[in-house]
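This report looks at a protein assembly through its chain contacts and its pairs of charged side chains. The sequence and the structure come first, and the account follows.

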Amino acid sequence: MKNVIEIQQLVKSFGKTRVLEGIDLNFEASRISVVLGPNGSGKTTMIKSVLGMVIPNSGSIKVLGTDIQGQWDYRKNISYLPQIANFPPNLTALELVNMLADLRGGNQHTRELIERFGLGPFMRIRLSNLSGGTRQKVNILLAFMSDAPVIILDEPTNGLDPVALIRLKSLIAQKKSEGRSFLITTHIMQLVEELADEIVFLLEGKIYFKGTVSELKETFNENNIEKAIARILLTNNVA
Amino acid sequence: MYKILKYAFYDLIRSKWSYVYFAFYLLISGSLLFLTGDISKVIISLMNIVLVLVPLIASIFGVMYYYNSREFTELLLAQPIRRSNIFLGQYFGLSVSLSSSLFLGIGIPFLFFGIFRSAEIWNFFILILTGVLLTFIFSALAFLVALQNENKLKGFGFMLFIWLFLAIIYDGLFLLSLIVFKDYPLESLSISMSMFNPIDLSRVLILLKLDISALMGYTGAVFRKFFGNDNGLILSSLVLLMWVIIPVAFIARVSKRKDF
Amino acid sequence: MASTILVGPSARIHSIHEALKAAVNGDTILVDGGVYTEGSILIDKSVTLLGRNNPVIDGLAKNLELITIAADSVTIDGFTIQNGGVSFLRDLAGIRVQRKSFFTIRNNTLLKTMFAIYLEKASNGIIQQNTIVGEARDEISSGNGIHAWYCKNLTITGNTVYNQRDGIYFEFVENSKVSHNISKGNLRYGLHFMFSNNDDYADNLFENNGAGVAVMFSKQIGMFRNTFKKNWGSSACGLLLKEIYDGRIEQNTFIKNTTGIKVDGSTRIQYLRNSFENNGWAIKFVGGCYDNEITSNNFVSNAFDLVIESARNNNTIDGNYWSAYTGYDLNKDGVGDVPFRPVKLFSYIVSRSPEAMVLLRSLFIDIIDYAEKIRPMFTPENVIDHAPMMQKIIV
């Protein structure tokens, strides 16, 4: 099967702390991969490395087969949903959509997404006047509006109401069926259970587990993910 | 870069601070003009305000804007554009919006007062030009300081210190060195010392235009030669421009290597 | 019986020389329009030389004296006198008066002469409504517009002098009056007094000269209602006083001069009701200055209002208007309740380290000036206006 992202021997340290200690990891096409791990495990750093926001000390990253070192154009193949939806306060959502479309060169799905999340009445209001939940919906809109083959979602459920959450999940399922690949970080285990084709568990900059949900449960002999993860942490004296 | 600049400008120009900043200059220059009616005198008063306030406001806004848009910057960093374009776009958006407030706030009352029919048009032009250049210089320094300091408080403190240093402390040291070394020929020293501080340089540029060149000339031949002719004027302007270009080049450089 | 002799291209007499030969005391020689190139003209009879239709006496730049008055009661009226030439050995003049009295020189235009009008040991003369335009380039090869040496009872009025060395020059001249003249663009001074006493100058305009007026080593000079304007340059000033006694300086206006009045030694001078506006320094005392009175003047928007360099001084500086004054007037009597100190710390610094001028109007300088104002440590404490006016004084 084809890999959309290939990470080899990725090392990154901030000052004296080593955050990623030589990670080898591939993400396959048309799958939903969930990256799990406690705070400080290196998952954000890994994602940012893929996006080119963090510059690794060594190792290589390939996105759709091309090495990303020193590149920026490859990012047109990745959509990113940041954890915190904080936008220029005096722009409207519509202007923001236009800006991103300007930068990426595409907003094929905007209208459909506005309807799906009921954003219509909010598009012409300044972003500083929108509620946190609405802002997160705008955030989702920005991440899904283009046709990039890889979508990275950092805590996508932050501040979403149940209705929007259901819509997001169906959106993810739909995009996956259209052949897109996902990289998701989350703390919501239910979401992992429902969506994940594959789980990657990071701890102290190393990969502790990589496999399907059922493989995770089997390996640690538990019947839910939370307990399985607790087991990993306990055996490593982290919790 | 232009795309980022455009949206950053739209965002900033609609902020209430832009309006406050604009209204402040409108009020000050309007009331000075209508109270005194003497354009040349108003330009001198405005010069005193512009030289202190423009760097301060550009410093504060620059640092504040950088820190407040950090999360959005992360979103931009994930887009298919060069890093340096993001920061330069944001920086120019900020400088252009601050400059617009300054330019319109001071310009509108002068326009009503008939600046285009006045002999002071060049002095007015120099005032605006130095104000705009100072905005660009101090916004660039602020961006650079914020880029280098993850800690907001540290960034703010450091930038305020830079402002305080260039606006006041530097001149104190300058004066002190003139007094201490007064037995030596000091003309070259004082010319170069005023080159190294954009606020001093702007002040000298305005004063030269405002006909105080003869007062300057009083100090000696080298001085008069330098500041009294067009070459001095051109060189001073170039140095001010370097004060923009160098920090901006550093912004581009630092942003390339930084982890976000 | 006095008669009139006509000179002109179409008259019976063609040259002024011829007419002078024929004339007797009291005659009028009427010279008609035309160019007269007769070399030097010596007037040794008491005659009136009257020009009609602007006759031109042209020296063709042959370096000679053009007209010499060598008799009393001579009048020269209505000529253009030009191209006298330049000499480094002799002081060449357009019109020279030697040891004579009761002369009148009026309505003439003197162009390109080294000295235009040169008076030596002359007295009781009138110089009126002449226009003098020189072409002075440096002080050595140029002369003065109206030059007077050892003279008495002169009246110099309504003349215009451009581009000479000094516009008007007085040396050992007494009881004379200079009024309503315009003196512009002269290399050195617009008007210059040396060793001259009991003279007045009033209602003149001095613009863009090296210095407007210089009064040196002179006593009892009155200076009234003159305008000193744009005498702007590294060492330029409106009025330069050096070692003078008992003068009066009243109702003059000083605008945009590098220094309004520069005083190097003045004693018992009254500075009353003058206006100083937009000068670099309004008044700058550099030498010892005693018993001067500076009262009811307006000091408006000067970079520095007053500089007094000597620590010892007993001058009176009361009742002036200072635009830099920020005090208040609670009892509403028009006089500020707090005294004003016109000497700034910065002017004290600049006089010691001139290069510090580059810091003019910087925030740091404003701060130390303010601190000094509150608690004087460097500036002389007795230089103080005890009764600063709240409103501009109408002079």
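Which side chains of chain A meet in a salt bridge at 3.1 Å, N to O? They are the side chains of K169(A) and E194(A), where a salt bridge is defined as a side-chain nitrogen of Lys or Arg within 4 Å of a carboxyl oxygen of Asp or Glu. This pair links distant parts of the chain, since K169(A) belongs to helix α5 (residues 162–177) of chain A and E194(A) to helix α6 (residues 189–195) of chain A, 25 residues apart; helices here are DSSP runs of H or I with at least four residues, strands are runs of E with at least two, and both are numbered from the N terminus. K169(A) is buried, with a relative accessible area of 16%, whereas E194(A) is partly exposed at 44%. In these terms buried means under 20% relative accessible area, exposed means over 50%, and partly exposed lies in between, with a 1.4 Å probe and protein chains only.

The model is predicted, so local features need pLDDT of at least 70 and side-chain atom pairs count only at pLDDT 80 or more, while totals for chains, interfaces and linings use all residues. Residues are numbered from 1 along each chain as its sequence is written, chains are lettered from A and ligands numbered from 1 in the order in which they are written, and side-chain values use heavy atoms, with hydrogens and water left out.

**Salt bridges**

Over all chains the rule gives 30 salt bridges. Side chains of opposite charge can pair when their charged atoms come close.

| Pair | N to O distance |
|---|---|
| K169(A) and E194(A) | 3.1 Å |
| R188(C) and D166(C) | 2.8 Å |
| E250(C) and R248(C) | 2.3 Å |
| K48(A) and E74(B) | 3.3 Å |

In chain C, the side chains of R188(C) and D166(C) form a salt bridge at 2.8 Å. R188(C) lies in the loop between β21 (182–184) and β22 (189–194) of chain C and D166(C) in the loop between β18 (160–162) and β19 (168–174), so the pair ties together parts that are 22 residues apart in sequence. D166(C) is buried, with a relative accessible area of 0%. In the pair of E250(C) and R248(C), E250(C) is buried at 10% relative accessible area, while R248(C) is partly exposed at 37%. In chain B, a network of salt bridges links R70(B), E150(B) and K258(B).

**Chain B**

Chain B has 11 helices and zero strands. Its 260 residues would, as a compact globule, have a radius of gyration near 18 Å, and the value of 19 Å for chain B agrees with this; the radius is taken over C-alpha atoms, and the globule rule is 2.2 Å times the number of residues to the power 0.38. Along the principal axes, the C-alpha atoms of chain B fill a box of roughly 60 × 45 × 30 Å. Of the 260 residues, 58% count as buried. Among contacts (heavy atoms within 4.5 Å) in chain B between residues at least 6 apart in sequence, 81% join residues at least 24 apart.

**The interface of chain B and chain A**

Here 26 residues of chain B are in contact with 33 residues of chain A. The area buried between the two chains is about 2,800 Å², of which carbon and sulfur atoms give 58%; buried area is the accessible area (1.4 Å probe) that two parts lose on being put together, summed over both. Four salt bridges cross this interface, and the side chains of K48(A) and E74(B) meet in a salt bridge at 3.3 Å. On the side of chain B that touches chain A, α1 (2–13), α4 (70–77) and α11 (230–257) each supply at least two residues.

**The interface of chain B and chain C**

Between these chains, 33 residues of chain B are in contact with 28 residues of chain C.
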